[in-house]
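Biologist: I would like to learn how to read domain contacts and helix packing from a model. Please take one feature at a time.

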Amino acid sequence: MSNMIFAPLEIPHTLAAGPGPGNTDPRVLERFASAGTADHMQPDVLRGMIECKLMLREVMGTSNVHTFGVAGTGWSGLDMMFSAVMPGDKVVVFANGTFSGIDGLTVRMKAATADELRANPLDPDAASVTLIDVPHGQSVSGEIVEAALSEHKPKWAVMAHWETGSGRVNDIRGFSDACERHGVMGLIDAVSSLGVEDFRIDDFPGVAGWASCPQKGICCLPLTYAPVSFTDRYIEELRKTGCRTFVHNPILEARHWGIVDGQDVDKGTYHRTHSPYAVSAFHEALRITLQHGVRQRARDYAFHETALREAVTAMGCKVTSNMTSLVVLNLPDSLAGREMELVQSCRAQGFGIWPTLSEPVQVRIGILNLLTQEAITEIVTRFAHAMQDMGADVDIPAIQDQLTRHFDTAIAAE
Ligand SMILES: *Cc1c(COP(=O)(O)O)cnc(C)c1O
């Protein structure tokens with residue numbers, strides 16, 4: 001008998017209080033676990049995919065026919081969105097943190113000529129790509145975008161809507177307007193904002209492509225479906241140039257979602273194998289989003305983020321983010337430099353907060369699908385105890401009172 005057979009894998013439940021993945025909704029887990037075994041051409045699987053596509057258009061606020069899910073996570077959807085970027089294409093990328101930095105790397109890999117890629121395969125320097133570096137902790141403004149696009153006149157411009165690395169909201173209106181003014185096709189990493197912020201992508205006509213993820217604002221499981229949406233202009237351009245991928249080709253992948261020759265059809269045709277579990281889970285996540293309502297959910301995030309922000313500020317932390325699903329903070333001076341130690345001790349106890357992934361080291365606390373008084377109180381209390389354990393002077397009852405007042409005021413206002 002092989003001695004390489006391990007015991008069944010047990011993974012404990014943790015409180016996912018980071019930038020993502022968020023807390024998969026129990027309704028999603030229930031649909032995932034109760035889907036029958038079925039192949040990817042079984043009628044209910046195909047019907048589920050069509051229904052997902054229609055619900056996703058509603059969630060994203062779009063009439064783009066090419067709106068569907070890409071199997072995988074955020075990078076899968078982004079890889080599909082960047083597939084139309086061809087070697088030598090002129091691109092301007094705005095980077096203000098970890099994720100837009102990786103978007104920039106992806107774009108350099110796609111836009112590099114064969115020689116440029118060979119010269120540095122894992123980090124190519126593509127002459128046709130201009131990287132506009134905005135410091136960590138700052139937002140990309142409309143003025144920054146306008147200045148860069150008028151100077152470089154690229155074919156594509158790339159920005160993260162919400163940069164999760166630094167917790168900053170970038171100026172999507174300014175970006176879209178500048179793209180329109182200069183005839184540029186905008187590409188947006190909306191991995192962190194979709195399902196959290198109240199916005200309709202059709203209100204931003206300068207943006208030709210959008211990509212998000214399953215497991216942040218949409219509250220589905222990772223490795224199900226990353227939402228994407230493309231305008232007709234993007235698809236026309238792709239028809240002209242082609243792209244160097246079968247699986248992540250937006251025109252080909254769309255067929256399985258019942259989108260053929262730019263039209264909705266009754267039934268998808270084979271592109272790749274899909275999973276009934278993934279389709280059921282994604283379907284339920286979209287139903288939850290629409291039942292809650294994109295607008296109401298955005299309000300609930302803002303309200304709960306304010307509660308968390310005020311609590312950590314009362315503990316002496318300094319918040320530098322402005323996203324509503326995530327608080328990025330510096331510890332009080334007495335604990336400065338011990339961010340990683342604090343995060344690690346919390347994580348060791350199943351309290352899944354995060355550090356920043358690039359310099360400077362900060363603490364990130366997220367509230368994805370944790371929009372209740374109980375959940376926020378638990379996060380605040382666990383964080384306060386962790387700070388206290390490291391020697392900080394934190395008045396926990398006073399902070400809990402302040403939280404209770406925040407929630408009572410809201411109830412009184414209703
Ligand atoms: C999380 C995130 C990603 C990466 O998504 P994965 O799901 O880990 O592949 C990309 N961009 C942004 C802005 C993100 O927040």
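**Domains and a helix pair**

Modeller: This is a predicted model.

Biologist: How much area do domain 1 and domain 2 bury between them?

Modeller: Buried area is what two parts lose in accessible area on being put together, summed over both. Here domain 1 and domain 2 bury about 1,900 Å², and 54% of that lies on carbon and sulfur atoms.

Biologist: Which three residues supply more than any other three of the area that domain 1 buries against domain 2?

Modeller: They are H136, V196 and D198, which together supply 28% of the area on the domain 1 side.

Biologist: Now the helices. At what angle do α3 and α4 pack?

Modeller: Helix α3 (residues 74–81) meets helix α4 (residues 98–111) at about 40 degrees, and their axes are 11 Å apart. The angle is why α3 counts as oblique to α4.

Biologist: Is the crossing of α3 and α4 left-handed or right-handed?

Modeller: The crossing is right-handed. On α3 the contact is made by W75, L78 and D79, and on α4 by F99, I102, D103, T106 and K110.

Biologist: How do the residues of this contact divide into nonpolar, polar and charged?

Modeller: In the contact of α3 with α4, four are nonpolar, one is polar and three are charged.

Technical notes
Residues are numbered from 1 along each chain as its sequence is written. This is a predicted model: local features need pLDDT of at least 70, side-chain atom pairs count only at pLDDT 80 or more; totals for chains, interfaces and linings use all residues. Side-chain values use heavy atoms; hydrogens and water are left out. Axes are lines fitted to C-alpha atoms, for helices over the stretch in contact, and angles run from 0 to 180 degrees between N-to-C directions. Helices (H or I, at least four residues) and strands (E, at least two) are DSSP runs, numbered from the N terminus. Angles under 35 degrees count as roughly parallel, over 145 as roughly antiparallel, 65 to 115 as roughly perpendicular and the rest as oblique. A crossing is left-handed if the near helix is turned anticlockwise from the far one by less than a right angle, and right-handed if clockwise. Contact means heavy atoms within 4.5 Å. Ala, Val, Leu, Ile, Met, Phe, Trp, Tyr, Cys and Pro count as nonpolar, Asp, Glu, Lys and Arg as charged, and the others, Gly among them, as polar. Buried area is the accessible area (1.4 Å probe) that two parts lose on being put together, summed over both.
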